[in-house]
Amino acid sequence: MAASCCIRRLGRLSPSVSHFHPHGFTMQRIGNLLKICAVNFNTSAVRSAGAEWRKEQGLPLAGNEYGPLTDMADWCYADGRPAPPSKGAARRKEQQKELAMKIDQLAQEVMDAKENHRRQIQEQEDRELDRQRRELKTKGAMVSKFRGNHRKSRKSLNTDDTS
C-alpha cells in the first residue's frame, strides 16, 4: 500500500523532467521517491519467527545464541586437529567466562551475607544471655537457695560426726 502511494506521488514531483524517460521515471524522480517513501518501509521484524515457541520450550529466543551450530567449530583439519576458534567463538567464550566469574562473586557475597546474619543473631543472643546473668536477682530467692544448700551440708556434717 505504501509503495502504491509513493508511485502516485511520483507523477507530481517534477513534470518537466518526465519527457527524458518513456515512463516518466528518471533517476532523479526515483531518488526523490525513495526519500519520500523511506519512512513508510520497515525492514525489521517485530518478533523473530518461532520466538514464542522457543521461549515455551526453554530455548534461546533467537535460535542462534547457543547450541551445536553456534558453539562447535565449522571445520577441522584433515588429520583431525580442531580449527582455531573464530572471533565470535572467542568473544562468546570470554563472555561466558566473565559471566561465570560474576556468578561466583555474587554467590560468595550471598554466602558471606548469610554468615554475617547468622553471626549477628548469635551475638545478640549471647548479649541477651550475658545481660540476664549480670542482672540483679531477688534477694529472697538467693537466700532460700543458700539456706537450702546450707542445711543439707550441716546435716551431712552432723551425720559424719555421729558415725
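Is Asp79 buried or exposed? Asp79 is exposed, with 57% relative accessible area. Here buried means under 20% relative accessible area, exposed means over 50%, and partly exposed lies in between (1.4 Å probe, protein chains only).

A word on the ground rules. This is a predicted model, in which local features need pLDDT of at least 70 and side-chain atom pairs count only at pLDDT 80 or more, while totals for chains, interfaces and linings use all residues. Residues are numbered from 1 along each chain as its sequence is written, and side-chain values use heavy atoms, with hydrogens and water left out.

**The overall picture**

The protein has six helices and zero strands, giving the pattern α-α-α-α-α-α along the sequence. Helices (H or I, at least four residues) and strands (E, at least two) are DSSP runs, numbered from the N terminus. Of the 163 residues, 10% count as buried. The accessible surface is about 14,800 Å², and carbon and sulfur atoms make up 58% of that surface; such areas come from the Shrake-Rupley method with a 1.4 Å probe, and for residues only the protein chains shown count as cover.

**Around Tyr77**

Let's return to the neighbourhood of Asp79. Its side chain meets that of Arg81 in a salt bridge, 3.0 Å from N to O. The term stands for a side-chain nitrogen of Lys or Arg within 4 Å of a carboxyl oxygen of Asp or Glu. Arg81 also lies over the face of Tyr77, 4.3 Å from the ring centre; this calls for NZ of Lys or CZ of Arg within 6 Å of the ring centre and within 35 degrees of the ring normal.

Tyr77 in turn forms an edge-to-face aromatic pair with Trp75, with 5.1 Å centre to centre and 80 degrees between the planes. Rings of Phe, Tyr and Trp (its six-membered ring) pair if their centres lie within 6.5 Å; planes under 30 degrees apart count as stacked, over 60 as edge-to-face and the rest as tilted. Trp75 is partly exposed at 45% relative accessibility, and Tyr77 is partly exposed at 33%.

**Salt bridges**

The whole structure holds six salt bridges, including these:

| Side chains | N to O distance |
|---|---|
| Arg81 and Asp79 | 3.0 Å |
| Glu128 and Arg131 | 2.5 Å |
| Arg133 and Asp130 | 3.7 Å |

Glu128 and Arg131 both lie in helix H5 (residues 87–134), three residues apart, about one turn of the helix. Arg133 and Asp130 are also three residues apart in helix H5. Salt bridges with shared partners join Glu128, Arg131 and Glu135 into one network.
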